[in-house]
Amino acid sequence: MFQQCIIIGNLGRDPEMRFLGDGTPVTSFSVAVNRKWTGRDGNPGEKTWWFRVTCWGRLAETTNQYLRKGSPVMVIGEVDASAYIPREGGEPRASLELTARDVRFLPRGGSGPQDMGAGAGMDYPTEEEDIPF
């Protein structure tokens with residue numbers, strides 16, 4: 001069996017990197033995925049889904065270095081959902097967790113993805129004047 005989930009959204013907070021006892025880097029961040037529409041009655045609607053994303057190894061280091069709150073990204077990975085009841089009580093809730101295999105940094109203008117996946121290189125210019133040609 002194979003499972004793959006692709007989300008496109010914006011980081012809800014800065015990435016947080018930590019290291020396991022064996023030195024393996026792990027980075028976590030949240031991504032908001034929005035859907036907007038106009039109903040038949042002409043009224044606009046909007047819904048937001050939140051995903052907790054975890055990256056491992058070199059991908060963890062790259063995402064921690066280049067992503068910040070608000071950064072647009074596409075994440076490809078395996079999703080896991082879990083249900084829980086909040087500590088303060090109330091309605092049961094669900095959490096969507098994505099273990100990333102690939103993360104693509106998207107430009108803020110929405111002109112298309114830049115490949116920044118697990119095999120990503122070292123330095124990525126963010127401004128046009130940083131490009132050496």
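Contact is taken here as heavy atoms within 4.5 Å. The model is predicted, so that local features need pLDDT of at least 70 and side-chain atom pairs count only at pLDDT 80 or more, while totals for chains, interfaces and linings use all residues. Residues are numbered from 1 along each chain as its sequence is written, and side-chain values use heavy atoms, with hydrogens and water left out.

The chain has one helix and six strands (DSSP runs, H or I of at least four residues for helices and E of at least two for strands, numbered from the N terminus), in the order β-β-β-β-α-β-β from the N terminus. Among contacts with a separation of 6 or more, 56% join residues 24 or more positions apart.

A81 lies in strand β5 (residues 72-84) and counts as exposed because its relative accessibility is 53%. Apart from neighbours within four places in sequence, A81 is in contact with S95 and L96. F51 is 30 residues from A81 in sequence, with a C-alpha to C-alpha distance of 9.6 Å.

S95, L96 and F51 are among the residues that line the second largest pocket (an open set of points on a 1 Å grid over the protein atoms alone, with protein on both sides within 12 Å along at least five of seven lines; lining residues have an atom within 4 Å of a point). Two or more lining residues come from each of β4 (44-56) and β6 (93-105); β4 gives the most, with five.

Technical notes:
Buried < 20%, exposed > 50% of the residue type's maximum accessible area, 1.4 Å probe, protein only. 1 Å grid on protein atoms, 1.4 Å probe; cavity = no way out; pocket = protein on both sides within 12 Å on 5 of 7 lines; lining within 4 Å.
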